[in-house]
Amino acid sequence: MLHSGVPGIGSALCFSLIIMNILTTPIDGLLVIEPSVFNDARGFFTETYNTERYAQAGIANHFVQDNMSSSSYGVVRGLHFQRPPYAQAKLVQCVVGKVLDVAVDLRTGSPTYGQWYAVELSADNHRQFFIPQGFAHGFSVLSEKAVFTYKCDNLYHPEAEGGLLLTDPALDIDWRIPHDRMILSEKDTRHPLLADLDKVF
C-alpha cells in the first residue's frame, strides 16, 4: 500500500553529547535531524554538519559535493535520482523559506518500495532530512522564496540521471501546491510513472 500522507515522526533518539536529535521515520533509512539551535540577542548559532557526530548518529557517508538552489513559490523539483554506480545519498536543508521535502523508496526488495515520506523543512525549524541511496527525491516551495542546500555522497553524473513523475497518481503525493500554480521544468514533466520504471536499485 502506498504512503498517502505526511505521517507523524517516529521515536526520537536523543544524543545529548551530539547536540542534535535524530528522528526515525516509517521508512527504514530515512532520518530527520533536529540540530540544537542557540539563540541570543545577536541571532542564532547551529552546527549543520560534523563528520564525527553525524557518524555516531548513523550517518557515516563521505559527502563530496554541496549544492544550493533558489526557487520561488510553486516550484516543484523532482523526483530525481542517479543510477548506480553513481547513486547519491543526500543530506538536505532549507536555509531560507519553507519547503515540503519528499523521498520515494525505490530499493528493490524493500518492504516499503514505492512508498514515500514527506517532511517540512524551513529556516525556522532548522530540520535536515537524510535520504540514503536508493530513493527518488524532490521538494515543493511553500514560501515566497526558498534557498535549499544539500550534501551528496557522490558527484553529479548527467549520464546517470533518472527520475520519477512527481504527479504520478499512483503515488498521490500532496505537494501542498495547487495544480494550476505548480511550476515545473519540462524535463520533470517527462519522467516515467512508477509502474513503468525499471528496477534501478
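Predicted model: local features only at pLDDT ≥ 70, side-chain atom pairs only at ≥ 80, totals over all residues.
**Stop 1: Arg 127 and Glu 34**

The structure holds eight salt bridges, and we'll visit some of them. Start by selecting Arg 127 and Glu 34 and showing their side chains. They meet in a salt bridge, with 2.9 Å from N to O. Now color the surroundings: Arg 127 sits in the loop between β10 (116-122) and β11 (128-131), while Glu 34 belongs to strand β3 (residues 31-35), so this pair ties together parts that are 93 residues apart in sequence. Is Glu 34 buried, partly exposed or exposed? Its relative accessibility is 24%, so Glu 34 counts as partly exposed.

**Stop 2: Arg 176 and Glu 120**

Next, select Arg 176 and Glu 120. Here is another salt bridge, and its closest N and O atoms are 2.8 Å apart. This pair also links distant parts of the chain: Glu 120 is in strand β10, Arg 176 is in the segment after β14 (161-163), and 56 residues separate them.

**Stop 3: Lys 187 and Glu 161**

Now pick Lys 187 and Glu 161. Their side chains form a salt bridge at 3.3 Å, N to O. Which parts does the pair tie together? Glu 161 is in strand β14 and Lys 187 in the segment after β14, so the bridge connects parts 26 residues apart in sequence. With 38% relative accessibility, Lys 187 counts as partly exposed; Glu 161, at 31%, counts as partly exposed as well.

**Stop 4**

Hide the side chains, go back to the cartoon and select residues 145-152. That's strand β13, and it is mostly covered: six of its eight residues are buried.

β6 and β13 run antiparallel, and eight bridges join them.

How many bridges join β8 to β13? There are six, and these two strands run antiparallel.

How values were computed. Residues numbered from 1 in each chain as written. Heavy atoms only, no water. Salt bridge = Lys/Arg side-chain N within 4 Å of Asp/Glu carboxyl O. Helix = DSSP H or I, 4+ residues; strand = E, 2+ residues; numbered from the N terminus. Buried < 20%, exposed > 50% of the residue type's maximum accessible area, 1.4 Å probe, protein only. Pairing = 2+ DSSP bridges.
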